[in-house]
Amino acid sequence: QVPFTVLQGEGVEYLGHANDAVIAISNYRLHIKFKDSVINVPLRMMESVECRDMFQLHIVCKDSKVIRYLCHFSTFKQCQEWLKRLNRAIARPAKPEDLFAFAYHAWCLGVCVDEEDQHAHLCRPGDHVRYRFEMELVRMGFDLQNVWRVSDINNNYKLCSSYPQKLLVPVWITDKELENVASFRSWKRIPVVVYRHVRNGAVIARCSQPEISWWGWRNADDEYLVTSIAKACALNPGVKVPGGMQHNGSSDGSEACDADFDSSLTACSGVENAGTPQKLLILDARSYTAAVANRAKGGGCECEEYYPNCEVVFMGMANIHSIRNSFQYLRAVCSQVPDPSNWLSALESTKWLQHLSVMLKAAVLVSSAVDREGRPVLVHCSDGWDRTPQIVALAKILLDPYYRTMEGFQVLVESDWLDFGHKFGDRCGHQEKVEDQNEQCPVFLQWLDAVHQLLKQFPCLFEFNEAFLVKLVQHTYSCLYGTFLGNSPCEREMHNIYKRTCSVWSLLRAGNKNFHNLLYMPGSEQVLHPVCHVRALHVWTAVYLPASSPHPLGQDDMDIYLPPGSQSQEFSGRCLDRLPKTRSMDDLLSACDSSSPLTRTSSDPNLNNHCQEVRVGLE
């Protein structure tokens, strides 16, 4: 008999026993039931499985958790059999449809076949996500009549498969010029505008590296486009406040910035004349050495001599290989029994907090250039889909309080990460038919950690709480939802993922009170100036050290909606809202008693009329 509540769409493939537990492998998760505890691990969350001490399994998870001495088998042969089964279960899928998100959505369709509105509520993001591009253009006040235009050159992804179909550029830049620029930028990822500061008109643009190579190639259209961005900002200035001065939104919190952090903004000291283009800042996330070395592979960086009225700054952020190694060291340190005498030195040796510090400094540099000096900024790294979204999205959170709301944060993730082609499939390790482990890296997790650092420093300025971020970490890898499947918007559209899977935002919706920050003070227009030094940063214990961290509200639970009257094999005849709470792998070491039944009610009372809610452990 299956020892757990089977999710609809979930099929149990293996069922067996160890000396001390019942083990089941489904098409979604590994479930192990001990006498007084339960472990639930989504298969796509698991990075590797090893046999230790001949009779025990050892699991390493992509979100940094390590489960040691999983269960004890009576023989070495039995342990090897289960090891092979698990390795087959966690292997890369042969096709996207093998991921559980598709089966789960198919069940949702069956449940709500006569209730389309309810289905849309449970499985679809809101209009703020679906129509985000148009709504953002209006919200940020772009002058689409005289200064800016939306180009359809990437319609059906014919120019760049990793870019959205609608691109914002200065109105006088033609599509022919954009085609020429695409031939000069890596992966045809041209400079496009993604944010406008309402009060001073400065914008943030993003792209990939120019293909200078050792030959020192130039492209007149590329140089023209970059300088045109600064000119367009001057023609579409911000909204002036009474007194004749443009309000820059800075706050008294600026003293909290690192005293030894030189922004290198040497050109301008403020918005003096809306008719004069400000000196554009080109922020290259790489080090100067790495940027020059890329010329050997056909890449490179902009030369200030060829880009008039521009300044190039290099941030020295590490590439994905260094970040992956740092994360592996962090995971190893956090999975061991801590030694108080060398814990801090071991943590420092991982360089994880140092990498976070550099990312925060890069975002502060962009934010300061835009807010304090009214300067447009162009951000890129090598390909423009890893370090670039980290910097741009973080800077937008610093600048704009809208992105600190639950709704705005969803728009931010969809716009800067999903629409602009962050390779979630490769970086998270669930892309089909790809065995190159060098492509795997917790880039998005690292960015969420940086957001967590901001939440720590400004606890009253975010509408969502830590549980919201923790749940987002989990479902980045779980493949229960289709939001983070695929490598690009073109790929997701080709597989029709939007219509064939549920959205993670249906769980992390604004109406879910479990993820609301009770300290939140709405209405604040404060621009954030965080302390970026390593000594001000914290290890994210809720993710990296869950056994030693008090769980944020809602961290252990996930909303799973079942049809009225549905029954599992184990809980047949039992009321679904009186289920015993299963222990997740986060709780295994806490040794709390979980035998007493808990009453669970929906966080949204309106849903109780349509379905009952079962909360299971970490999904």
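The following paragraphs lead through the structure, from the whole chain to selected residues.

This is a predicted model, in which local features need pLDDT of at least 70, side-chain atom pairs count only at pLDDT 80 or more, and totals for chains, interfaces and linings use all residues. Residues are numbered from 1 along each chain as its sequence is written, and side-chain values use heavy atoms, with hydrogens and water left out.

Of the 619 residues in the chain, 59% are buried. Here buried means under 20% relative accessible area, exposed means over 50%, and partly exposed lies in between, with a 1.4 Å probe and protein chains only. A contact means heavy atoms within 4.5 Å. Among contacts between residues at least 6 apart in sequence, 73% join residues at least 24 apart.

Two helices illustrate how elements meet. The axes of α11 (residues 352-371) and α15 (residues 443-457) come within 10 Å and cross at roughly 75°. Axes are lines fitted to C-alpha atoms, for helices over the stretch in contact, and angles run from 0 to 180 degrees between N-to-C directions. On the α11 side, W352, H355, L356, M359 and L360 take part, and they meet Q446, W447, D449, A450, Q453 and L454 in α15.

L330 belongs to helix α9 (residues 320-335) and is buried, with 2% relative accessibility. Leaving aside residues up to four places away in sequence, L330 touches L347, T350, W352 and Y544. L330 and K351 are 21 residues apart in sequence, and their C-alpha atoms are 8.3 Å apart in space.

Aromatic rings form another set of links. The whole structure contains 25 aromatic pairs; rings of Phe, Tyr and Trp (its six-membered ring) pair if their centres lie within 6.5 Å, and planes under 30 degrees apart count as stacked, over 60 as edge-to-face and the rest as tilted. W187 and W385 form a tilted pair, with 5.5 Å from centre to centre and 45° between the planes. This pair links distant parts of the chain, 198 residues apart: W187 is in the loop between α6 and β10, and W385 is in the loop between β14 (377-380) and α12 (387-399). W187 is exposed at 55% relative accessible area, whereas W385 is buried at 7%. One aromatic cluster is formed by F409, W417, F424, F444, W447, F462, F464, F468, F484 and F515.

Two residues other than glycine have a positive phi. K188 has a phi of about 60° and lies in the loop between α6 (175-182) and β10 (192-196). S213 has a phi near 60° and lies in the loop between β11 (203-206) and α7 (220-235). K188 is partly exposed, with a relative accessible area of 42%, while S213 is buried at 9%.

Finally, the cysteines may be considered. A disulfide is a covalent bond between the sulfur atoms of two cysteines. When a disulfide is taken as a pair of cysteine sulfur atoms within 2.5 Å, the count is zero. C61 is buried at 0% relative accessible area, and C310 is buried at 4%.

Definitions and conventions: Helices (H or I, at least four residues) and strands (E, at least two) are DSSP runs, numbered from the N terminus.
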